[in-house]
Amino acid sequence: MNESTLRRSIKLHAPADFAGMRAAGRLVAAALDMIAAHVREAITTAELDRIVHEFVLDHGATPASLGYRGYAHATCISLNHVVCHGIPGERRLAEGDILNIDLAVILDGWHGDSSRMYEVGQVGTRARRLMDVTHAAMMRGIAAIRPGATLGDVGFAIQRHVEAERFSVVRDFCGHGLGRVYHDAPDVLNYGRPGDGPKLRPGMFLTVEPMVNAGRPEVKVLSDGWTAVTRDRSLSAQFEHSVGVTATGCEIFTLSPADLPGQA
Ligand code: MF3
Ligand code: CO
C-alpha cells in the first residue's frame with residue numbers, strides 16, 4: 001500500500017498460522033455472502049455497511065478498516081466509476097448499478113480481506129463483461145502462485161488477461177501481504193513481467209485484488225481523501241481474495257462457504 005510496506009521483509013508464517021487465516025477468511029466470505037440478499041434498489045450504502053458491521057461484531061471479530069488511517073467505516077463500497085475506497089453514505093442503489101463491497105476483519109489477531117462485485121437488477125452487457133474479466137483475472141493471478149514463482153508472474157498473469165479483453169489494469173493500488181498485520185510487505189502489483197520481483201515461498205500470506213477499468217487506467221482521488229474514481233468516468237471493477245502460499249501452490253482463505261456462482 002505504501003513505501004513502508006516496500007521496505008519491510010516478507011513474513012513466512014508457520015503451518016499452524018494457516019488455521020487463524022482460514023477462520024478470518026471464512027468469516028469475511030460469510031459476511032460477503034450474507035450481504036448479497038440486501039443489495040437491492042433503494043438501500044443506501046451506509047445501511048449495507050451497518051449490516052456488515054453488525055455481522056462481523058456478532059461473530060466475535062472487528063472490522064480492520066475501523067480507525068485505520070482515520071477511516072470510520074467497516075467496509076468500502078465502490079459504485080460504478082468508483083475504483084476503490086468508496087465511503088458508505090446516503091447514496092441509494094439504483095437499477096443497473098454495479099458495486100464492490102470490500103471487507104477486512106480481525107479475528108483472534110488474524111486478518112481476512114476480500115471483496116466482490118454485486119449488481120442491482122439488470123446491468124449492462126459491458127458492466128457484466130467487466131466483472132467477469134476482473135474475476136477471471138484475479139483467479140489467473142492466484143493460479144500463478146506457487147513456491148518458486150515470482151510476484152511478477154502473478155502480475156503478468158493478471159495484466160495479460162485484462163489487456164487481451166481490451167480493458168485496463170489500475171496501477172495506483174495493489175494487493176499486499178497480511179497476517180497479524182493488515183497491510184504488510186510485499187506490494188502485490190496487478191501488472192508485471194514474468195520472473196521479476198520477489199520469489200514466493202511457503203508461509204507467505206497475500207491478497208490478490210486487481211482493479212480493472214473499462215476505459216483508461218488513470219484514477220483520481222476525490223477531496224474526501226479516500227474515494228478513487230476513474231479519470232475518464234468509465235466503469236471499474238475489483239475482486240479480492242486472501243491466500244496463503246503452500247508447498248505446492250496456494251490456499252484461498254476467503255472462498256465462499258455458500259459457493260455462490262461466479263463469486264468464489
Ligand atoms: N480493504 C482494502 C484492501 O483491500 C483497504 C481499504 S483501506 C481502509 O486492502 F481504510 F478502508 F481500510
Ligand atoms: Co486488501
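1. Helices (H or I, at least four residues) and strands (E, at least two) are DSSP runs, numbered from the N terminus. In these terms, R166 sits in the loop between α5 (151–164) and β6 (168–169). Phi of R166 is near 65°, a positive value in a residue other than glycine. R166 counts as exposed because its relative accessible area is 71%; exposed means over 50%, buried under 20%, partly exposed in between (1.4 Å probe, protein chains only).

2. A word on the basis. This is a predicted model, in which local features need pLDDT of at least 70 and side-chain atom pairs count only at pLDDT 80 or more, while totals for chains, interfaces and linings use all residues. Residues are numbered from 1 along each chain as its sequence is written, chains are lettered from A and ligands numbered from 1 in the order in which they are written, and side-chain values use heavy atoms, with hydrogens and water left out.

3. H85 also has a positive phi, about 60°, although it is not a glycine. H85 lies in the loop between β3 (82–84) and β4 (98–107). H85 counts as buried because its relative accessibility is 16%.

4. Next, the metal. D113 (OD), H176 (NE2), E209 (OE) and E240 (OE) coordinate the cobalt ion (ligand 2) at 2.1 to 2.3 Å. Donors are N, O and S atoms within 2.8 Å of the metal (3.2 Å for Na, K and Ca); water is not among the atoms, so sites may look incomplete. Along the chain the donors follow the spacing D-x62-H-x32-E-x30-E. D113 in strand β5 (residues 110–119) and H176 in strand β7 (residues 175–177) are 63 residues apart, a pair that links distant parts of the chain. Both D113 and H176 are buried.

5. Now ligand 1. Around it are 13 residues, of which D102, Y182, H183, E209 and E240 come nearest; a residue counts as near if one of its heavy atoms lies within 4 Å. A nitrogen atom of ligand 1 is 2.8 Å from a side-chain N or O atom of Y182. An oxygen atom of ligand 1 lies 2.9 Å from a polar side-chain atom of E209. The protein buries 98% of the 330 Å² that ligand 1 exposes when taken alone (Shrake-Rupley method, 1.4 Å probe).

6. Two further checks. The peptide bond from A185 to P186 is cis, with omega near 0°, and P186 is in strand β8 (residues 184–188). C76, in strand β2 (residues 75–79), is 106 residues from Y182 in sequence and 15 Å away in space, C-alpha to C-alpha.

Notes. Polar contact = N/O pair within 3.5 Å; in protein donor to acceptor, adjacent residues only side chain to side chain.
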